[in-house]
Amino acid sequence: MAVAAEVRVEQVAREDLVMFVNACFSCTGQREFYGDARGQSVSIEFLHQYILGNYRRLYRRTLAAGINHFNQAQIILNLLATGTPVDAQERREEGALIAAALRRLPPQRAFRVLESLRSRRINNRRARAIVREYLESRADLAFDAVKYRAKLRAVVVHGHLKLGGELGPFLFQGWKKRVYTQPLLETFRQAHFAQEALYALPYTVAEGLAQKHGVPRDVFLQRIEPRLTQAERLRLQESAAREGAEVPPVDLARAPLTKLCLYVLALKDEVRQERRDELHTALMRASERVLARAPAALGRVAAVLDNSHSSSGSLQKRRRPLGVALASHYLLGASAREYRAFWTSPVEEPLRVAARGQTDLATPLLAALEWGADLVVIVSDGYDNDPPRAVAELTRVFRERLDPGRRTALVHVNPVFDADEYAPRSLGEAVATVGVRDAEDVPTVLGFARFAEGTASLLELERYLAARMASWLEREPRKAEDAAWRSPGEPVRDEEEA
Amino acid sequence: MSRARLIQRLELQGLRLAPSQVWGQVRLVPVLRDEVRGDLRFAHRNYGDAVSVVSVQGAPAARGLKYVSYIPHGLVMTWGNRQAEAVYGTRLQAQDGKKVDAGAFSVRLLHRMVHREDRNQLRMLPLHLAMEGFLARYFGGPDIAWSEYSRDGLSRGLNPRSEASIPGWASFALDGALRTFELHERQVGLLLFNADELLSAFIVAHPDDYRALHRTLLEDFYGDLLLQYGYLQVVGELGLRLDASRVSSVADLREQVARMREDWATFHGFMAGGLFGVEVTARKAYEAGPFLLQHFHTRLIPSEENHLGEAIIGPDGTLEYLKTYRLSAAQTRRAYLLQQLAGSQWNLDDAAKALGSTRTDLVVRLHNAGFGYLLKPHVLEEAQRSNAWGR
């Protein structure tokens, strides 16, 4: 009796954790095609509190599992809000994990986390120490002070910190009181009075000031161009073209894969056709770069990709499910020995894919099974409606009758979090569902899929997380790149890629 | 020839039902058309006035019978040869009706429910056409001056007659359902179920037109059932299963899935049995080239589902356009009573006999249905008094 109860407890724990890690890959608290933002955030908040309350050790280790930034930030905040573990070693581990996670977050997100400490009224000794350590680790605090001025000031006030040099007066007195010797701070001061100084500031700061000076948008865009980061360039393509400014050249060869796919999907069909070769090469190279970082050698792979209307995402996550599908197409194509893609509504040219039509996953899945793949990866939001629940039935019968030995692995990769189920929506019992935010996560989640399938034990899951944590803490993020911001002309770093 | 093409019963000939998509309590069933002729196109015309006044008889600004309603949009129907597609949407549109400002609002005066604008172009007011046809049909009032009827009833009939209905945007679920609905490539229509009761059907001739008109379903009006079941949270998910024992290869699996798809179509066809396959009474509204525009209603038996609507039948008998409205129970009862009265030349005794009840009961029923004003006050009082005595 006691043994059965123990088995059950272990099973519950494993299911809880798998659900949580899955949610942490896909949910960002934003609106989805089928669900609203409010439901999403209520759902994910509950999940965080539940896991933190019951499995604190595994909760913090999830930080290292490759989950998305939104959930990393949530975990850091929740851990800081609930005090320190008593055990000294646990305390050390938690501290190290929080500090490392914070350092790896893109700076705007990290500063947002620190700012949230104030709104959530977290001000314990450990939180202050973490803030201090983070600020010390920043390569150029003056730059941060200009770019994230309000956030940094909030952090400094909240944590009673003393900043050296001119930073204190800069944050609290701003541009009105004095002249600065630090060149960037001085430029920021001057930019409030003279247009010329604008163009030595980071784009996001200069943008507001340009408005104040009434600089025409096209002139501004043209002159600020050397200061743009890669992500900003990519983001500005459309609006610059609309304003009649020169479109900032974007180095497609350096853009991350999913971002690049979203960029491609935002282009008009004619443009995509025209620049076909260029875009194709860029996508190939991007996926090779992902594989260089996280190698995955796969055999005979079939991808079932959902390009139905619902893959158009929402206003907040525009075309993201489709972008993930396209990116997975390139990524799997690059990592597999043999590869074939099956779209729900067939496309001639993957680059020109568009979100339309119903979700008929059964037909492409049948084709994939017929082709005889070792691994079938289904990229879909989990809604199949033509006919409904066809994939669930299809895979059940397939496992039962045709493949009881599990020769063919079936994995469902879902970029959409379903708030009602606290998990990415699944396609039935026979297929393991794993959540992703970017296609870059696909190699990671393929490893995680065996836990989602339910065959691996809790011990294995704990070992998996521990191993990931160890290797994650070992590898320190590349630090030197922060310097690339300041000198115009030098290749600029993609801030969100880090 | 055209007489023969009035529909006797609605058939989904040449059309196919696909598996439904469910959102909350709303179930949407796509209607697909495999063979698209392309010589009948519909376009959307937006009005956006607070109220529209449609002259049913006589000139728009003159005296005469008027139909007053909130009409958010009209349909412009173009027919002709197969090249119609090439010029589709490129024609300049004529100013439709006349706009009159009334304070903060505007009123649009429109000429007729169906108005020919060009040689091959027709403007119609969807659903209002059917509703007006329905109201005109039985709501005329007595044509023989029986002594029981009031003077108002004899001189003006049931005027002004009115019916209330519910706009689509009153239902939050319908908005969500239309937003998240995934259109099929060859989809030309939609059956709309609320809590698994058929509310409305909408079918056009061309998939592109349907794509453009999909969201206008939210502006259409529906029967009471849209709100009546509004608090029901979700309709049950219907899971059809595959038969595992019949599968020994992937080809078998494919066959099973095809069968599953067919089962869905049959099932939806069964669910929509109150509209398709039942006898309808149709009347010609307009003959546009080879196409016959008509409005119809089902048999108006209070215990059954009752729909009214408008349809266009093509030269080969296919259903090219359909839009229906489901009558609420009260609307059906009213229509049924009037239909019975009209059937017996408005003679109360004959009608009571036909209904298998007494004259007193019929009078009380008429009063309860809201037609008390048709009768002289003393007839009504007498009936109510003897009804009370009877208990």
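Which residue forms a salt bridge with B:Arg326, and how far apart are the closest N and O atoms? Okay, hold that thought for a second. One caveat before I go on: what we're looking at is a predicted model.

So, the partner is B:Glu305, and the closest N and O atoms sit 4.0 Å apart. This pair ties together distant parts of the chain: B:Arg326 belongs to strand β19 of chain B, residues 319-326, while B:Glu305 lies in the loop between β17 (291-297) and β18 (307-313), 21 residues away. How about burial? B:Arg326 comes out at 10% relative accessibility, and since anything under 20% is called buried, that's a buried arginine. B:Glu305, at 22%, counts as partly exposed.

Staying in chain B, there's also B:Lys284 with B:Glu287, a salt bridge at 3.4 Å, N to O. Here B:Lys284 is partly exposed at 46%, and B:Glu287 is partly exposed too, with a relative accessible area of 33%.

Now over to chain A. A:Glu32 and A:Lys317 meet through their side chains in a salt bridge, 2.9 Å from N to O. Buried or exposed, what do we get for A:Glu32? Buried, at 3% relative accessibility. A:Lys317 is buried as well, at 4%.

If you like networks, chain A has one for you: A:Arg56, A:Arg60, A:Arg61, A:Glu90, A:Glu93, A:Glu94 and A:Arg126 are linked by salt bridges. And for the whole structure, over all chains, the count of salt bridges is 53.

In chain A, helix α21 (residues 442-453) packs on helix α22 (residues 458-474) at an angle of about 160°, the axes being 10 Å apart. Angles over 145 degrees count as roughly antiparallel, so that's what we call α21(A) and α22(A). The crossing of α21(A) past α22(A) is left-handed. Who's touching whom? From α21(A) we have A:Thr444, A:Gly447, A:Phe448, A:Arg450 and A:Phe451, and from α22(A) there's A:Glu460, A:Leu461, A:Tyr464 and A:Arg468. Sorted by class, that contact has 4 nonpolar, 2 polar and 3 charged residues.

That's my tour, thanks.

Key:
Residues are numbered from 1 along each chain as its sequence is written. Chains are lettered from A and ligands numbered from 1 in the order in which they are written. This is a predicted model: local features need pLDDT of at least 70, side-chain atom pairs count only at pLDDT 80 or more; totals for chains, interfaces and linings use all residues. Side-chain values use heavy atoms; hydrogens and water are left out. Buried means under 20% relative accessible area, exposed over 50%, partly exposed in between (1.4 Å probe, protein chains only). Helices (H or I, at least four residues) and strands (E, at least two) are DSSP runs, numbered from the N terminus. Axes are lines fitted to C-alpha atoms, for helices over the stretch in contact, and angles run from 0 to 180 degrees between N-to-C directions. Angles under 35 degrees count as roughly parallel, over 145 as roughly antiparallel, 65 to 115 as roughly perpendicular and the rest as oblique. A crossing is left-handed if the near helix is turned anticlockwise from the far one by less than a right angle, and right-handed if clockwise. Contact means heavy atoms within 4.5 Å. Ala, Val, Leu, Ile, Met, Phe, Trp, Tyr, Cys and Pro count as nonpolar, Asp, Glu, Lys and Arg as charged, and the others, Gly among them, as polar.
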